[in-house]
Amino acid sequence: MKFSVSNTAIDVAAAKKVVVDKSCGALVVFEGWIRDHNDGQAVERLEYEVYRPVAEKEGEKIIDEAIERFGVSHALCIHREGLLELGEIAVIVCVSSPHRSEAFEACRYIIDQTKTRLPIWKKEHYLSGISEWVNCEHCAAAGHGHEGGQHE
Amino acid sequence: MKNTARYFALFRDQAGCESEVVEWSGGTAAEFFQLMAEKHASLTTEAAALVAINDEMAGWETPLLEGDEVLFFPPVAGG
């Protein structure tokens, strides 16, 4: 499976090893980390809900699209589900290709598509004790809207 | 006809249940959601919401068939 969901900590070294190939001169890795703030609120932890049957199927499509579109050799993505603490890795994308340009582009494509197409949701748990779902349109309208509590 | 509505994340909180089987006159996925929103006052229409039918991503204008399981996804936030 080029796209997988994990409820345990992501093993970065193992993930990179999957895409290592002697014909590839470039290996690009994106790691999405849980950060401690979002929109002025102190985040304590993050909770990811994933609907696996569709996420895995659609995630696999995204990877195949990236390989086809950018001509890279190998690509994978692992996304966490469940409760994550600050500093944990929520998602990893690894891409290898003969040259770096397409590896960077494919990596970007995969994470961008993963963020907008897959049935994955995150709930931020704040130090204040409140928790709320992220990226809800109505939440945004009410002034609570934000993206993240995580990387980028 | 009968269809099953399944809710996730925020929609599950708003609907107050994970899923329900509904007997209705039939129509598109969008119309089915509209019916559910009328039934559950807290269920809000989100422009960025997505829908899947029988575990396949689908368009909101897809006409439903008898027995289809319709998955209502609130705006996603992966990564």
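Here is a short chat about a sheet in chain A and its interface with chain B.

Modeller: Heads-up: this is a predicted model, where local features need pLDDT of at least 70, side-chain atom pairs count only at pLDDT 80 or more, and totals for chains, interfaces and linings use all residues. Residues are numbered from 1 along each chain as written, chains are lettered from A in the order written, and side-chain values use heavy atoms, leaving out hydrogens and water.

Biologist: Which strands stand at the edges of the open sheet in chain A?

Modeller: The sheet has four strands with mixed pairing, in the order E1-E5-E7-E2. Strands are DSSP runs of E, at least two residues, numbered from the N terminus, and two of them pair if DSSP finds at least two bridges between them. Each edge strand has a single partner, so one side is left without a neighbour in the sheet: these are E1 (3-6) and E2 (26-33) of chain A.

Biologist: What is the bridge partner of Ser4(A) in E5(A)?

Modeller: E1(A) and E5(A) (residues 74-80) run parallel, joined by four bridges. Ser4(A) pairs there with Ile78(A).

Biologist: How many salt bridges are there between chain A and chain B?

Modeller: The rule wants a side-chain nitrogen of Lys or Arg within 4 Å of a carboxyl oxygen of Asp or Glu. Glu56(B) and Lys57(A) meet that way, at 3.0 Å, N to O. Between chain A and chain B, the count is two.

Biologist: And which element of chain A gives the most to the side that touches chain B?

Modeller: E4 (41-50), H2, H3, E8 (120-126) and H4 (137-141) each supply at least two residues. With five residues, the top contributor is H2(A).
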